[in-house]
Amino acid sequence: IPVVWTYYAEFQPSDKRGAALSVLATFWMVGNVTVAGMAWAIIPHQIGWTDPSHFQYNSWRIFVAAAAAPSLLVAIALIFLPKSPKFLLYKGREGEALEVLKTIYSKNTGKDRNSYPVSSLEKVEVEAEEKQDWKTAISEAIHKTGQLFSPNLLRVTIIMLVINFAIQFGYYGLWLWFPEIFSKLEEYYKVHPGETVTVCQIISQDIPSSDNSTSSDFCTTPIPDNQVFINSFIISMSAAPSNLWTILCMDKLGRRFFLCF
């Protein structure tokens, strides 16, 4: 993910880079919405190979294959994207870097690429890197990682670790937990219609499934109720207002503002 953000940002105009990165982040939500819709369209239907006495390729497996397809398409699409100008400069390929910069200039401004005001690039002097064995590479990686915890960088490193932990724990932790909560709530309301229950009560109870499945049905996963898919869809869409706000205001209010608020 960090490579994608860095690569994408390199091709954006500096005055609109925040908004452009926010648009990229919005596709995280688009992906979640698409997955929720695909799950709703595929999983409830009994499609695929479901012979219990043989290998089963049921709707769950078809959904997983369909969800993995975009990653394969992206991997193929990356072949046709231009290389990073900075990478080309560090490799001593100034001519190729200039051609890429002309293309960026033309796409971002709408002007002819030949009107790009830069005619040549200075060669970046970089120390030649010798080939290393895997032990030396690992040792160097550990050494460079340790530099992040040096006295000069320790405070910044800890702050960034805490921020990233909080974001990832809140996002992925709750995202994985919500479907289980919704499923338990649906099962509870089927057995106890009209009653109310708190989340704490739900997670502390062992709620029996309404389909009377037994331990022998372990490999035949029951189809979730439609409400589970609806809830996932709604949760995915809930990020839309924040994404729109960051797209419109990121370059006006600044990165630090959105990191704090």
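Which helix gives the largest share of the lining of the largest pocket? That helix is α7, with eleven residues. The model described here is predicted.

**The largest pocket**
- The largest pocket holds about 1400 Å³ of space.
- Its lining is made of 35 residues, and those closest to the centre are W5, A25, W28, I167 and Q168.
- Two or more lining residues come from each of α1 (2-10), α2, α7 (154-191), α9, α10 (240-253) and α11 (255-260).
- Sorted by class, the lining has 22 nonpolar, eleven polar and two charged residues.

**Helix α2 with α9**
- Two packed helices are described by the angle between their axes and the distance between the axes.
- For α2 (residues 17-42) and α9 (residues 226-237), the angle is about 170° and the axes are 8 Å apart.
- Angles over 145 degrees count as roughly antiparallel, and α2 and α9 are therefore roughly antiparallel to each other.
- On the α2 side the contact involves M29, N32, V33, A36, G37, A39 and W40, which meet N226, F229, I230, S232, F233, S236 and M237 of α9.
- This contact of α2 with α9 has nine nonpolar, five polar and no charged residues.

**Helix α2 with α10**
- The axes of α2 and α10 cross at roughly 170° and come within 7 Å.
- That angle makes α2 roughly antiparallel to α10.
- R17, G18, A19, S22, V23, T26 and M29 of α2 make the contact with A240, N243, T246, I247, M250 and D251 of α10.
- The contact of α2 with α10 divides into six nonpolar, five polar and two charged residues.

How values were computed: Residues numbered from 1 in each chain as written. Predicted model: local features only at pLDDT ≥ 70, side-chain atom pairs only at ≥ 80, totals over all residues. Heavy atoms only, no water. Axes fitted to C-alpha atoms, helices over the stretch in contact; angles between N-to-C directions. Helix = DSSP H or I, 4+ residues; strand = E, 2+ residues; numbered from the N terminus. Parallel < 35°, antiparallel > 145°, perpendicular 65-115°, else oblique. Contact = heavy atoms within 4.5 Å. Nonpolar A, V, L, I, M, F, W, Y, C, P; charged D, E, K, R; others polar. 1 Å grid on protein atoms, 1.4 Å probe; cavity = no way out; pocket = protein on both sides within 12 Å on 5 of 7 lines; lining within 4 Å. Points joined across faces, edges and corners; volume = space filled by probe spheres on them.
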